[in-house]
Amino acid sequence: MNSLITSGNSSSMKATFGNEAIQLSSSGTSEEFDSMNISLIDYLSKLQPVMLQQLYTSSAACLAVFRELPALAQNFVLRLIFIEQPIPHAVVSSWVKSTTDYQQAEEALSKLHVWKSQQLNSLPGWLLNSSFREGLKSAWLGGGKSRSIFSTLGVDKHKPDLESLDNYAITKRWDSILNFMAGVKLKDYNDNIGETTKKVIFQAGLIESDNQDTLITAAGFQFLLMDISSQIWFFLRKYLELVGEFNLNFIECLSFMFELNFLTLGKSYSTEGMSDSIQTFLQHLREMGLVYQRKRKDGRFYPTRLMIQLFESVRQNFQTSSTSLTATPTPSIKRQGFIVIETNYRIYAYTESPLQIALLTLFIELNYRFPKFIAGFITRDSVRMAFKNGITAKQITHYLTMHAHPNMHLANRTTIIPSTIIDQIFLWEQERNRLTFQEGYLYSQFNSQPDYEALRKYAKDLGVIIFENPSRRLLVVTYAGHEEVKRFWRNHKKERD
């Protein structure tokens, strides 16, 4: 009897960016894309209770958490915020008719430790977290220690207008990061990438180093296909994982992020009185284009649209994705659409960005390229190549919807891109899912049918059979069950002999 184990082999792929072919590492999976897209509530719920308790000392953090809560959970907080004793569970549940809605609100408030269960005259009751209550009251009613960033500043003769701020944040800073990841070398782009930003990119697994070459991973391609607000939110989460290496305090940085989210676009804020760690954190945010600071000695900074509207955009994206895969996206942070798609699978893109052209060529067959315009087709082969790179149909349709030309937004159409295109892309993906692969051991070449039947019965009782063919005396068992089946076979042979 022989045993055989089957396993898959990893390989690398190539994609063209600009005029250069770069290597694509196949170390990413489509599941990684889902882990990139998590809501603020899900992210905070994974923090330790003691860390949440520290976070709730910030009124901005409490207000940010309140905005993310479901509507019913917000209603509960409003009813309990001025009550400093537990309210029985039965009383709170009587405020709503739907048990499902109550359970969802209860779960959201509990996993964020906004409230806790506490006895009241032997009855279980709900009591708001005292730190959260005081922080939220401070955010709404005022009071508390004044923040140094609100110090009075003189007139800034170099004050940028909103268009300049947007151009700085998106074109000069954030696009530089994306082009660096993709290996697109443009004048004045890669000079804007700081060492901190590069470290986050590598630690996040978006690119890898192979000897002297830089490889963009499948997760990196999936990152590039995301909308800009989701990209920034993922990037900030990975940055926060490294704050310890930068000698920064995690809670202090996260609280400052929430505070920036409530500032006014186009208004400058003071850096006087900031701690050294927040000053360092501010410079890191500057590298990402989330704040603008002409010179550090100016003593002021301007939060950009990317930071101020970040959590609102992420929340809107999650609300859209929960209703429909192809619904019209309504993020506050978005680029001008440039893609036109016809029902005959022809696609036109009015862009001269090497990055956007390279992303499109991941899943389209390029026919013509002009200075500010390209044309091609969405074909079965081109889409299947994208699937091999770890990109999913959902990501492709989301990217096309997100960057659709304004003329594609017709009032009488249920989806922005033609539904025939959406259906066909998902059908092509399902073609790849008809077969599943699983590691296992093959048992064959049995000397007699009784030997085969004995082993088959034992493996079946264990529930480790993947495949069996009694006529040819073939049996495949799972990788985990192999040792137990092998041990049985050795004992069986000794008893037989």
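These legends accompany several close-up views of a predicted model.

View 1. Strands of a sheet pair through backbone hydrogen bonds, either parallel or antiparallel. Look at β3 and β5 together: two bridges join them in the antiparallel sense.

**View 2. Asn121, in the loop between β4 and β5.** Strand β4 covers 115–120 and β5 covers 123–128, and Asn121 has its place in the loop between them. Is Asn121 buried or exposed? Asn121 counts as exposed because its relative accessibility is 69%, and the cut-off for exposed is over 50%. Now find Pro88: its C-alpha atom is separated from that of Asn121 by 9.4 Å, although the two residues are 33 apart along the chain.

**View 3. Helices α21 and α22 crossing.** Helix α21 spans residues 449–462 and helix α22 spans residues 482–496. Their axes come within 10 Å and cross at roughly 145 degrees, and the crossing is right-handed. On the α21 side, the residues in contact include Leu455, Tyr458 and Leu462; on the α22 side, look for Phe488, Trp489 and His492 among them. Sorted by class, this contact has eight nonpolar, one polar and three charged residues.

**View 4. His113 and Gln445, two residues with positive phi.** Most residues other than glycine have a negative phi, and most peptide bonds are trans. His113 is not a glycine, yet its phi is positive, at about 55 degrees. You will find His113 in the loop between α7 (99–111) and β4, where His113 counts as partly exposed, with 32% relative accessibility. Gln445 also has a positive phi, near 55 degrees. Gln445 sits in the loop between β15 (440–443) and α21.

**View 5. Two buried cysteines, Cys62 and Cys253.** Cys62 counts as buried because its relative accessibility is 0%. Cys253 is buried too, with a relative accessible area of 1%. A disulfide is a covalent bond between the sulfur atoms of two cysteines. How many disulfides does a search of the whole structure find? The count is zero.

Definitions and conventions:
Residues numbered from 1 in each chain as written. Predicted model: local features only at pLDDT ≥ 70, side-chain atom pairs only at ≥ 80, totals over all residues. Heavy atoms only, no water. Disulfide = S-S within 2.5 Å. Buried < 20%, exposed > 50% of the residue type's maximum accessible area, 1.4 Å probe, protein only. Helix = DSSP H or I, 4+ residues; strand = E, 2+ residues; numbered from the N terminus. Pairing = 2+ DSSP bridges. Axes fitted to C-alpha atoms, helices over the stretch in contact; angles between N-to-C directions. Left-handed = near helix turned anticlockwise from the far one by under 90°. Contact = heavy atoms within 4.5 Å. Nonpolar A, V, L, I, M, F, W, Y, C, P; charged D, E, K, R; others polar.
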